[in-house]
Amino acid sequence: MTLLITIFAAVVATYKWYTRKNDDSQLSILVFMYWGASLMWMVDAVFEYAELKAEYFSPAPADMLNDAFLGLCVVALGLIVWIVRLLIKDPKGVLRKSLQKESVNN
């Protein structure tokens, strides 16, 4: 489940990045994070399949729920890291202008 969720997030982020004319929002960072996580979960799935064989395809519902929660947490953490990086870099200067307006008004 973690693999499916991160691949879905990677595909959506890649589509959004590819359809933009410019990368002001630095979506490429998000794309690389999600594809990296997808690759990590793919390697994990291969090794788990090598260990469990046919049992790999019939997980317990509790395991599927845990995997889904972990996948959603990975996607959320990737978004948080991307947003913090975007705020720090501030490519369009929106945050800087906002802070300058507040300092002038005070």
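Threonine 6 is buried in this predicted model, with a relative accessible area of 0%, where buried means under 20% relative accessible area, exposed over 50%, and partly exposed in between (1.4 Å probe, protein chains only). The residue belongs to helix H1; helices (H or I, at least four residues) and strands (E, at least two) are DSSP runs, numbered from the N terminus. The side chain of threonine 6 reaches the backbone oxygen of leucine 3 at 3.1 Å. Leaving aside neighbours within four places in sequence, threonine 6 is in contact with Tyr34, Ala37, Ser38, Trp41 and Val74, contact being defined as heavy atoms within 4.5 Å.

The model is predicted, with local features needing pLDDT of at least 70 and side-chain atom pairs counting only at pLDDT 80 or more, while totals for chains, interfaces and linings use all residues. Residues are numbered from 1 along each chain as its sequence is written, and side-chain values use heavy atoms, with hydrogens and water left out.

The largest nonpolar core has 11 residues, namely Ile5, Ala9, Ala10, Ala13, Leu27, Leu30, Val31, Tyr34, Ala68, Val75 and Trp82. Helix H1 (2-19), H2 and H3 each supply at least two residues of this core. A nonpolar core is a set of buried Ala, Val, Leu, Ile, Met, Phe, Trp, Tyr and Cys residues joined through side-chain atoms within 4.5 Å. For alanine 68, once neighbours within four places in sequence are left aside, the contacts are Met1 and Ile5.

Valine 43 is found in helix H2 (residues 27-52) and counts as partly exposed, at 41% relative accessibility. Although valine 43 and leucine 3 are 40 residues apart along the chain, their C-alpha atoms are separated by 9.8 Å.

A search of the whole structure finds 3 aromatic pairs. Tyrosine 49 and tyrosine 56 form an edge-to-face pair, at 6.1 Å centre to centre and with 80° between the planes. Rings of Phe, Tyr and Trp (its six-membered ring) pair if their centres lie within 6.5 Å; planes under 30 degrees apart count as stacked, over 60 as edge-to-face and the rest as tilted. Ring pairs link Tyr49, Tyr56 and Phe57 into a cluster. Tyrosine 49 counts as partly exposed at 38% relative accessibility, as does tyrosine 56 at 25%.

Most residues other than glycine have a negative phi. Lysine 53, in the loop between H2 and H3, has a positive phi of about 55° although it is not a glycine. Aspartate 90 is not a glycine either, and has a positive phi of about 45°.

Aspartate 90 lies in the loop between helix H3 (61-89) and helix H4 (94-105). With a relative accessible area of 11%, aspartate 90 is buried, yet it has no salt bridge. A salt bridge is a side-chain nitrogen of Lys or Arg within 4 Å of a carboxyl oxygen of Asp or Glu. The nearest side chain of opposite charge, arginine 96, is 4.2 Å away from aspartate 90; Lys and Arg count as positive and Asp and Glu as negative, while His and the chain ends are not counted. The side chain of aspartate 90 reaches the backbone nitrogen of leucine 95 at 3.2 Å. Leaving aside neighbours within four places in sequence, aspartate 90 is in contact with Leu95 and Arg96.

Key
A polar contact is a pair of N or O atoms within 3.5 Å; within protein, one must be able to donate a hydrogen and the other to accept it, and residues adjacent in sequence count only if both atoms are side-chain atoms.
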